[in-house]
Amino acid sequence: MALYDFSSIKNDLISSLWKKNIMDIGNYIAKRRFHKQLKTLTLTHPRNMAEIKQLEEDKISKRRDIVGWNCEYQPCMRLETEGIKVKGGTKFEHSIYLDSSLKNNFNFDIINLDYTSQNPQKINGRFEDELLSLEHVIISRKRCLNDKKYSLILFTTMINTCDVKPKIIVSASNKLNPHSKPLAFSQNTNPIVNPIDKIDTISEYYNHMLERYKLKYISFEDKTIKLDNTTFVYSVASIIEW
Amino acid sequence: MSSSIPIERGTIPFRVQGDVVSHLSIGLYRNFSRSIKELISNAHDAKANEIRIGLHFDERKIVIRDDGDGMDKNDLARLLNIGETTQISDTINELGRKRIGTFGIGVLSVFPYSETIKVITKKKKQKLAYEVTINSESFFKDIKFDIYDAEAEYIAYESDLDIDEGETIIVLNNVAEHIIKDLEDKRGGFSSIEDYDGLTKFKWYLSQYCPIRFNDKQKKLKKFFNDDDINKIRVYVDGEELFRNVPENVEIIEKKEMKFGDVILKYVIMSPMKSIRPKESRGFQVRLRDVAIGLPRDFDVIKLSSFVLGKLNWLCGEVHILEGLEEHLMVDRDNFFYVDEIYAIEEYFRKRLIFWENKIQNMAKNSKELYEIINNFNEPQIVIKEFKSSGIIKIDKEQLRIPKKSLKRRKYQKLQPTLDIFINTLTKNNMQVEIKTEKTISTKSLEITKNKITIYADHPDFKDYLQYGDNEYIVEYSSWDINKIPSICKLSKNEIIFNTQHPIFDSDLNLDLIKNLSLGFHVILKNEKNKSILLKEIENLLTSTFT
């Protein structure tokens, strides 16, 4: 069972952060088209698919061009009644580096890594896996670029009292790209406890990927929403030029 | 994608009652949409608020989920006990609904269309979800049902829903290729529903059959049929909500509640004042317990009446049976057994159709006359707009096939001043007409208030003119003895007077043609030495040829 009800937070994020970036990517990729028909992958939940409705309303994606992902079997069954393609039944952050059919067909224009929709638990290692999935997404997307120059990546995670171990992130990231400049955080060895420092870790990681994969951020916006004294939701919206 | 970790496994018996199989045939579910309708009826009876249908063409899979009461193991066993009838009950549940299903064969509806059917269900107030897979393909051979007793394997696991929530998910796997092909079909006709693209056709049938609500735009229909949104089941296909089919721009022209013996019904008759498309929407849709009984019908009015009913395709309606007739419903739910009340109902609606067809024919005729007159006004579009907004003209010009130019005289053409024709036509339409002659010409030719039209008779719109070259001639009518003056007309400087007694005006020739020709001849021969003789010869030739 979810610890928090993330539905209202999602609605807040859509109106204050995601919608504008969704409209912008639509203009970047398909400026002249009325129906943009961009391909979207979204981590979502049948109880709140507001982002899918927003994509439809803004004519950015049609349902048939949307892939919804949920890590659990039962929500996946329910998502299948919504007219979108559904994948999942496993954690996305694991599948993106284990599932070759997913990696090799990663041609999405909009990638919504909303980990708050996946029943996030208060367990160690969750945050690290989620953050690393960003780099896997960059690698997979780059492999399947075709003629598309831009992508929108939305990354949303829950920051709580669990320690974040930067060593794990550094080790895994450097293995992905051993010939490039190694990742280094300002706090490289000790577990990170403070929520502000955890948010800084995310920013540092984004900067590192910019350099490592020669990306350009057309836009980079973030928002933090407090759930209680020790728990936050942090969301980043970035439009990437390849 | 694998299912959740099972807590329990077993089998559920799949049984067939007595002589149910003899009622079953491919004909029972000719149409895939009707099969899905049965599942929707089941969800309706299970008190679902909504049912969602997801179509996955590339995987040949259809997933249907409702949020109704759900089922436990015993309920599943009852579901799979084919032919176990439920007594017809008039009990209204807490959602204001009467039970639809009675024959116990609803679940069979989808058997002919997929290789396997998976049912996942969780009952309200219980924790476990049950998942059973039925090898539906094996119960259907050579386009016939071949139902036999069997055991269906199930697993049970902890549901992620709240304990107070229920659901039933039905997954049709490996749906028959011809069904997928039909749904994916991209043709684009509009005359018959069979010409529509596959997905639109599928949604149209569901919207026609199912006990769903009218669109919010249909306020009058909602009010008359007590269409209580809160208690109606909502049906979604690929995220899009379906609403009851109502042709665009219909007006209710008649509505009543009637009694025929023990049968009580409510009905509306509607028309959009043009031909209704698709053609399957024409006629009356009969509903019992809010579910369509067959498709709209005209009760064989054309076969059984001796009239030509050209405007029948402008009529549609809804007939909701409020009480009675449940026990007379056939197994296919397309028809009733023919009892006295059915006979009386059909006879009644045949008469209503003939009545309204006649009325619309007259309206069309009057409207044509008005359009023809108004077309000669200075600003016809403004006048037409006013006539339409006041409801005097209800039919668009495009629906009336007003011929542009014709040699033949139109039936209703009269040799009268436009003003007189106009006044007559308005009076026939039950409009109160006031005529004003002003010393100065009004800028408007007429004014419309509630049920009255004020005509400014001196306005140029009501003067008849003919044009020849750069000259305009005022048209007047008179009558004189053709033995004394045989001419069709008299022409002066800027006026032409026609003799209404001349036999040429009794011919089949278009009156405008006669008038224009007469004027033309007079003008052309104006300066001829033998003008009178020539005119006489020409007019005699016309008269002898066409009378």
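Visitor: What is the mean pLDDT of chain B, and what share of its residues reach 70 or more?

Guide: This is a predicted model, in which local features need pLDDT of at least 70 and side-chain atom pairs count only at pLDDT 80 or more, while totals for chains, interfaces and linings use all residues; side-chain values use heavy atoms, with hydrogens and water left out, residues are numbered from 1 along each chain as its sequence is written, and chains are lettered from A and ligands numbered from 1 in the order in which they are written. The mean pLDDT of chain B is 86, and 91% of its residues reach 70 or more, pLDDT being the predictor's confidence in each residue, from 0 to 100.

Visitor: Where in chain B is confidence lowest, and where is it highest?

Guide: Confidence is lowest in helix 1 (residues 20-23) of chain B, with a mean of 57, and highest in strand 11 (residues 234-237) of chain B, at 97. Helices (H or I, at least four residues) and strands (E, at least two) are DSSP runs, numbered from the N terminus.

Visitor: And what does the predictor give for the complex?

Guide: The complex gets an ipTM of 0.91 and a pTM of 0.85 from the predictor.

Visitor: OK, so how many residues does each chain bring to the contact?

Guide: Chain B brings 31 residues and chain A brings 21 residues, where contact means heavy atoms within 4.5 Å. The area buried between chain B and chain A is about 2,000 Å², and carbon and sulfur atoms give 49% of that; buried area is the accessible area (1.4 Å probe) that two parts lose on being put together, summed over both.

Visitor: How many salt bridges are there between chain B and chain A?

Guide: The count is 6 salt bridges, a salt bridge being a side-chain nitrogen of Lys or Arg within 4 Å of a carboxyl oxygen of Asp or Glu. B:Glu167 forms a salt bridge with A:Arg78, and their closest N and O atoms are 2.8 Å apart.

Visitor: Which strand of chain B supplies the largest share of the side that touches chain A?

Guide: That is strand 2 of chain B, with 5 residues. Strand 2 (50-56), strand 3 (61-66), strand 5 (114-122), strand 9 (150-158) and strand 10 (167-175) of chain B each supply at least two residues of that side.

Visitor: Changing topic, why is strand 20 of chain B largely enclosed by the rest of the structure?

Guide: Strand 20 (residues 452-456) of chain B is largely enclosed because 4 of its 5 residues are buried; buried means under 20% relative accessible area, exposed over 50%, and partly exposed in between (1.4 Å probe, protein chains only).

Visitor: Which strands pair with strand 20 of chain B?

Guide: Strand 18 (residues 432-436) of chain B pairs with strand 20 of chain B in the parallel sense over 5 bridges, and B:Lys436 has B:Tyr456 as its bridge partner. Strand 19 (residues 446-449) of chain B runs antiparallel to strand 20 of chain B, joined by 4 bridges, and a hairpin connects strand 19 to strand 20 of chain B through 2 residues. Two strands pair if DSSP finds at least two bridges between them.

Visitor: What do the buried residues of helix 10 of chain B pack against?

Guide: They pack against helix 8 (340-374), helix 9 (380-389), strand 18, strand 19 and strand 20 of chain B. The buried residues of helix 10 (residues 418-428) of chain B include B:Leu419, B:Phe422 and B:Leu426.

Visitor: Last one: is A:Ser173 buried or exposed?

Guide: A:Ser173, which lies in helix 7 of chain A, is buried, with a relative accessible area of 0%.
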